[in-house]
Amino acid sequence: MSTRSAQDDDLVESDTDSADAGDEAAEEKVRSGIQSIEVGFRLLDVLTSEPRAMMLRDLAQRAGMSPAKAHRYLVSFQRLGVVAQDPVSGRYELGGFALQMGLARLARVDGVKLARIALTALRDQLDQTVGIAVWGNQGPTIVHWMESSHPAKASLKLGDVMPLLGSATGLLFAAYLPRGKTAAMLERELADTRRSPHHGGPRTLDEVDAVLADVRAHQAARVEGMLLPTIHAFCMPVFDALGELALAIIALGHEGTFDIRWGGEIDTALRACAGKLSYELGHRPDARDD
């Protein structure tokens, strides 16, 4: 019968420790990623943000690398179709495969789903009621709603259609949609306003245009107790790859707990969220001609 010595046990333990260390090193390598891919991606990032084809020296400078180093990456990107080079000018731009990747992403993206995920974090950050609206058959329609820990006493529910002139949501859609989509609804609401001496909104198309111009200037709509007394609200646009309004995200709350200032906490956070969602939907800020 064989016996194990202390030395044998030490060898087994040493082998085990080496294996564990090897596994940890392998896991760390996976977590750290492949640095060369991340470095090369800087070139693609510059080409994505630049509307024109670029010379090698300019592209390399913007990406923070030498022309020789940039050229090596570009050769590989060209082979993969991610980058193309004009044979006459020598300038570089995104290639056909980059377009196919972008189109595949756009075909799969669901703006409302992305917004629902983003608003969960935003609601927890601000502790304000938040929601999503899209343009439906009857007008701006609430499709998602999340209450804060101190819910606003707003009688809103999923499927509600918001007025164009009496809500932040309506003003935003009226400001960014073609007038042909909103004209009939605007006329009805203006007619109702003229019949009601107590209504505080715009009463003529000229007044409407002035209010909507202010919305576009701020790239957001804001109301203070307009639709519901003591309830304030912001509404921000989310644009798609064509620069058109895809949906709107909303934050509202009671006047005592809701920061209604332009540049305040709620405005800043909601604006950042809308900008990120627009980016996810393929929007570029220069896609619109405001």
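Let me start with the hairpin: β3 and β4 form it with four residues between them, and G139 in the turn has a positive phi of about 135 degrees. Strands here are DSSP E runs of at least two residues, helices are H or I runs of at least four, and both are numbered from the N terminus. This is a predicted model, where local features need pLDDT of at least 70, side-chain atom pairs count only at pLDDT 80 or more, and totals for chains, interfaces and linings use all residues. Residues are numbered from 1 along each chain as its sequence is written, and side-chain values use heavy atoms, with hydrogens and water left out.

β3, residues 129–135, pairs with β4 in the antiparallel sense over six bridges; pairing requires at least two DSSP bridges between the strands. V134 has T141 in β4 as its bridge partner. β4 covers residues 140–146, and six of its seven residues are buried. Buried is under 20% relative accessible area, exposed is over 50%, and partly exposed is in between, with a 1.4 Å probe and protein chains only.

Next, helix α3, residues 56–63. Its buried residues are L59, A60 and A63. Seen down the axis of α3, they fall within an arc of 95 degrees, so they line one face of the helix; the arc is taken from the directions from the helix axis to the C-beta atoms. R57 and Q61, on the other side, are exposed. The buried residues pack against α2 (35–49), α4 (67–80) and β2 (92–94), contact meaning heavy atoms within 4.5 Å. Just after α3, G64 takes a positive phi of about 75 degrees.

Finally, the whole chain: 10 helices and seven strands, with 37% of its 290 residues buried.
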